[in-house]
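Subject: Structure handover and findings

Dear colleague,

I am passing on the structure below, and after it you will find what came out of going through it. Please read the notes with the structure open beside them.

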Amino acid sequence: MRIERGCAKGFALIFIDACFKKPTPTAPVWLMRQAGRYLAEYRLTRAKAKNFIDFCRRSDLAAEATLQPIDILGVDAAIIFSDILVVPLEMGMKVEFAEGRGPVLPDPIRTRADINRLLSVAADTLEYVYDALKIVRRNLAADKALIGFAGSPWTLATYMIEGGGSKNYAIVKKMAYSDPALLHMILQKLSDVIGDYLLRQIDAGANAVQIFDSWGGALEKSAFFEFGWSYMKQIVSRIKMERADIPVILFGKGAGGYLEEIDGDFDVFSADWNTPLERAKKVLFDRYALQGNMEPARMYDKAAIEIGVREAARVMGGENGYIFNLGHGMQPDFNRGNAKFLVDFVHQIFAR
Ligand code: CP3
């Protein structure tokens with residue numbers, strides 16, 4: 001990997017400024033899942049590892065994958081290359097990434113005994129993530145931010161209880177309504193580990209952290225707040241108590257229906273693509289910066305990208321506290337040329 005990036009002092013981190021609603025020369029932009037199979041460079045790096053988990057555990061390779069979108073696309077922030085499922089992995093669960101099938105956890109947790117077996121010291125074993133963050137921060141230009149991340153307790157619990165991805169969340173929802181105390185036990189244990197983990201990522205050099213709640217939208221409103229958002233808020237409060245200088249971003253896939261009740265000490269609300277940006281602005285922008293939320297499928301076509309960016313600029317152009325992103329992650333069949341076009345176009349359209 002190349003390690004020649006100098007860290008010239010005096011550059012502003014426009015990404016961090018936008019998180020704190022300070023003025024920036026243009027809107028910062030990065031893309032969720034910006035490191036991935038749509039980049040040939042990523043596929044080459046991945047081929048050096050035995051499998052996906054080995055890739056996550058190889059700090060040198062993870063650092064290499066993290067830096068690729070910075071060099072190739074010119075995004076304003078790097079997100080550490082890893083996966084949300086390294087947390088259940090280091091809590092002692094078996095996690096497999098079967099090619100083309102998505103993640104599988106063959107021994108799901110279902111009982112109090114299962115939960116008690118989960119290791120609460122997982123943040124200590126995630127040293128390889130902290131090492132990758134240190135390598136990246138050393139090799140990242142001073143005007144680029146480094147984002148650490150974790151999955152939300154609810155999203156991780158769905159994988160750990162269902163045993164993988166799910167269509168209807170039958171098992172975890174059955175637990176929510178028939179034995180909520182059991183589900184709260186696991187959510188609390190996860191929140192403690194995730195809080196430790198994010199604070200350690202900050203110590204290792206993360207300039208901001210994002211919590212991905214990918215499956216909160218599976219829950220009705222009361223359950224969304226009881227099993228989902230309340231734990232996100234708890235983690236945020238803990239981070240803010242220790243590190244008020246670090247922006248915290250919450251991504252809520254499916255949170256769009258519940259915007260009015262959203263609260264917490266976090267800094268940036270990352271809207272999914274189902275949430276009209278205009279509504280998010282009206283309901284949340286007086287309290288939070290906004291990130292998002294172009295429909296990812298617009299990435300298939302340059303004209304569609306232009307329309308998506310112009311629409312975001314119509315709503316958020318000229319405002320302090322806006323970060324351009326997709327409303328969910330990049331996909332393996334997306335085109336790198338279009339991704340580069342998007343980043344340049346955002347910088348151009350939002351320039352002041
Ligand atoms: O944004 C980035 O570039 C950082 C890397 C990142 C990955 N996963 C790498 C990855 C991040 C932030 C994640 C988060 C993640 N992982 C989420 C939350 C975000 C979201 O999209 O909702 C979730 C739900 C997961 C779980 C997960 N990991 C799934 C469903 C899959 C399989 C999907 C697939 O395309 O096969 C993964 C594997 C994974 N994580 C890949 C990458 C690049 C693909 C693995 C490969 O290289 O084959």
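Y169 is buried, at a relative accessible area of 9%, because burial here means anything under 20%. In this predicted model, Y169 sits in the loop between α9 (153-162) and α10 (170-178), and its phi is near 55 degrees, a positive value in a residue other than glycine.

R33 also has a positive phi although it is not glycine, the angle being near 60 degrees. R33 belongs to the loop between α1 and α2, and with a relative accessible area of 57% R33 is exposed, since the cut-off for that class is over 50%. Q34 is found in that loop as well, between α1 (14-19) and α2, yet Q34 is buried, with a relative accessible area of 1%. Setting aside neighbours within four places in sequence, the contacts of Q34 are L39, P69, V75, A77, A78, I79 and M330.

R33 comes up again in the pockets. The largest pocket holds about 1,200 Å³ of space, and of the 38 residues that line it, R33, R37, D83, F97 and P103 are the closest to its centre. Three elements, α2 (40-47), β2 (96-98) and β3 (102-104), each supply at least two residues of that lining, which by class consists of 22 nonpolar, ten polar and six charged residues.

The second largest pocket holds about 230 Å³ of space. Of its 16 lining residues, the closest to the centre are L277, N293, M294, G308 and E311, and the elements that give two or more residues to the lining are α13 (277-284), β8 (289-294) and α14 (302-316). Among the contributors, α14 gives the most, with five residues. The lining of the second largest pocket divides into seven nonpolar, four polar and five charged residues. For anyone setting up torsions, N293 deserves a note: N293 lies in strand β8, and the peptide bond that leads from G292 to N293 is cis, with omega near -20 degrees.

Returning to the largest pocket, what is the setting of F97, one of the residues closest to its centre? F97 is placed in strand β2 and counts as partly exposed, because its relative accessibility of 27% falls between the 20% and 50% cut-offs. Apart from neighbours within four places in sequence, F97 is in contact with F52, I53, D83, L85, G102 and P103, and among these D83 and P103 are also listed with the residues closest to the centre of the largest pocket. F97 and F52 are 45 residues apart in sequence, whereas their C-alpha atoms are 6.7 Å apart in space.

F341 and F345 are about one helical turn apart, because they are four residues apart in helix α15 (residues 336-349). F345 is buried, at a relative accessible area of 6%. Helix α15 also holds N338, which is buried as well, with a relative accessible area of 9%. Beyond neighbours within four places in sequence, N338 is in contact with M299, Y300, D301, K302 and I305.

Two further aromatic features remain. Ring pairs join F224, F225, W229, Y258, F266, F269 and Y288 into a cluster, and the charged end of K21 sits over the ring of F285, at 4.0 Å from the ring centre.

With best regards

Notes
Residues are numbered from 1 along each chain as its sequence is written. This is a predicted model: local features need pLDDT of at least 70, side-chain atom pairs count only at pLDDT 80 or more; totals for chains, interfaces and linings use all residues. Side-chain values use heavy atoms; hydrogens and water are left out. On a 1 Å grid over the protein atoms alone, a cavity is a set of points where a 1.4 Å probe fits but cannot get out, and a pocket is an open set with protein on both sides within 12 Å along at least five of seven lines; lining residues have an atom within 4 Å of a point. Grid points are joined across faces, edges and corners, and a volume is the space filled by probe spheres set on the points. Ala, Val, Leu, Ile, Met, Phe, Trp, Tyr, Cys and Pro count as nonpolar, Asp, Glu, Lys and Arg as charged, and the others, Gly among them, as polar. Buried means under 20% relative accessible area, exposed over 50%, partly exposed in between (1.4 Å probe, protein chains only). Rings of Phe, Tyr and Trp (its six-membered ring) pair if their centres lie within 6.5 Å; planes under 30 degrees apart count as stacked, over 60 as edge-to-face and the rest as tilted. A charge sits over a ring if NZ of Lys or CZ of Arg is within 6 Å of the ring centre and within 35 degrees of the ring normal. Contact means heavy atoms within 4.5 Å.
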